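Hello,

Here is the structure I promised to pass on to you. Have a look at it first, and then read on for my notes.

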Amino acid sequence: MMSMTNTDISLREIKKARAKIALYEASLSLMADKMFHEVMVEDICRKAELSRVTFFKFFPKKEDVLIYFMQIWLTERIIEIKNEHKRGFDAIRHLLYKIGEQSQEITGIMPSLISFLAQMKMHPCLQELSRAEVFLLFPDEEEIGGKEPNLLELFKRSMLEAEEAGQLKRGISIDDAVKIMLTIFYGAFLTAHQYASTDISGFYEIHLQLLENQ
């Protein structure tokens, strides 16, 4: 697939995408040391130098920023896993360790996301990104960037690769491994949080031993 250039996208669409991304990045910066519910829309708009009208045009509900974060963050990890040729548990570790890194930089993002998901009756629908957003967010990776990222599919593919390499413990089905991975993804973080530990990766490593042949 040939990469698009900014000449393929109208200036109006580029400006809209830049405004949306600016609001998103302002939101993340304000979560450096606080939970999302403590961040006010007015503060986000002030930091991004954009209006409330503009904010709600892109994010009809304030919590839509968290969904946008999920989409961008997971797509970035999928691109990294592909480019670094990571498979099986190497791909899983890359994903989980990036959570640890992110939590050091933006302490409020993962607890806010878990709290938000706990209140949802179903997994939130991700927005379809515009061509301009894909171009700005994922330069040279428009094919992957334009697809909806799927955490469960990533887990399934990685567990199939692990099974093929003999890394997955015997007696654990792929379906069960995916369920366990989802529990680890969110649960191990919460466990580390309860222990007031900053060693998020260490807690993930303990839980991965439930699945991996050592």
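Two helices, α4 (64–83) and α9 (151–164), each supply at least two residues of the lining of the second largest pocket. Helices here are DSSP runs of H or I with at least four residues, strands are runs of E with at least two, and both are numbered from the N terminus. A pocket is defined on a 1 Å grid over the protein atoms alone, as an open set of points where a 1.4 Å probe fits, with protein on both sides within 12 Å along at least five of seven lines; its lining residues have an atom within 4 Å of a point. Before going further, please note that this is a predicted model, in which local features need pLDDT of at least 70 and side-chain atom pairs count only at pLDDT 80 or more, while totals for chains, interfaces and linings use all residues. Residues are numbered from 1 along each chain as its sequence is written, and side-chain values use heavy atoms, with hydrogens and water left out.

Back to the pocket. Its volume is about 220 Å³, meaning the space filled by probe spheres set on the grid points, which are joined across faces, edges and corners. The lining consists of Thr75, Ile78, Ile144, Lys147, Glu148, Pro149, Asn150, Glu153, Leu154 and Arg157. Helix α9 gives the most to this lining, with 3 residues. By type, the lining residues divide into 4 nonpolar, 2 polar and 4 charged (nonpolar: Ala, Val, Leu, Ile, Met, Phe, Trp, Tyr, Cys and Pro; charged: Asp, Glu, Lys and Arg; polar: the others, Gly among them).

One of the lining residues is Thr75, which is found in helix α4. Thr75 counts as buried, at 1% relative accessibility (buried means under 20% relative accessible area, exposed over 50%, and partly exposed in between, with a 1.4 Å probe and protein chains only). Not counting residues up to four places away in sequence, Thr75 touches Phe138, Ile144, Gly145 and Pro149, where contact means heavy atoms within 4.5 Å.

Now for the chain as a whole. Its secondary structure comes to 11 helices and 0 strands. For its 214 residues, a compact globule would have a radius of gyration near 17 Å, and the 18 Å of the chain agrees with that; the radius is taken over C-alpha atoms, and the globule rule is 2.2 Å times the number of residues to the power 0.38. The C-alpha trace spans about 55 × 45 × 30 Å along its principal axes. Of the 214 residues, 48% count as buried. Among contacts with a separation of 6 or more, 72% are between residues 24 or more positions apart.

Which helix is largely enclosed by the rest of the structure? That is α6 (residues 109–119), because 8 of its 11 residues are buried. The buried residues are Ile109, Met110, Pro111, Ser112, Leu113, Ile114, Phe116 and Leu117. What covers them includes α1 (11–30), α4, α5, α10 and α11 (200–208).

Helix α5 (residues 88–105) holds Ser103, which is buried at 11% relative accessibility. Its side chain reaches the backbone oxygen of Ile99 at 2.9 Å. Leaving aside neighbours within four places in sequence, Ser103 is in contact with Met110 and Phe189.

Val178, in helix α10 (residues 174–194), is buried too, at 12% relative accessibility. Beyond its neighbours within four places in sequence, Val178 is in contact with Leu152, Phe155 and Lys156. Val178 and Ser158 are 20 residues apart in sequence and 9.1 Å apart in space, C-alpha to C-alpha.

Finally, some loop residues. Glu49 lies between α2 (41–48) and α3 (52–58) and has a positive phi of about 60° although it is not a glycine. Glu49 is exposed, at 72% relative accessibility. Asp140, in the loop between α7 (131–137) and α8 (142–145), also has a positive phi, near 70°, and is exposed with a relative accessible area of 62%. Gln167 is found in the loop between α9 and α10 and counts as partly exposed, at 25% relative accessibility. Not counting residues up to four places away in sequence, Gln167 touches Gly88, Phe89, Ala162, Leu211, Glu212 and Asn213.

Definitions and conventions
Polar contact = N/O pair within 3.5 Å; in protein donor to acceptor, adjacent residues only side chain to side chain.
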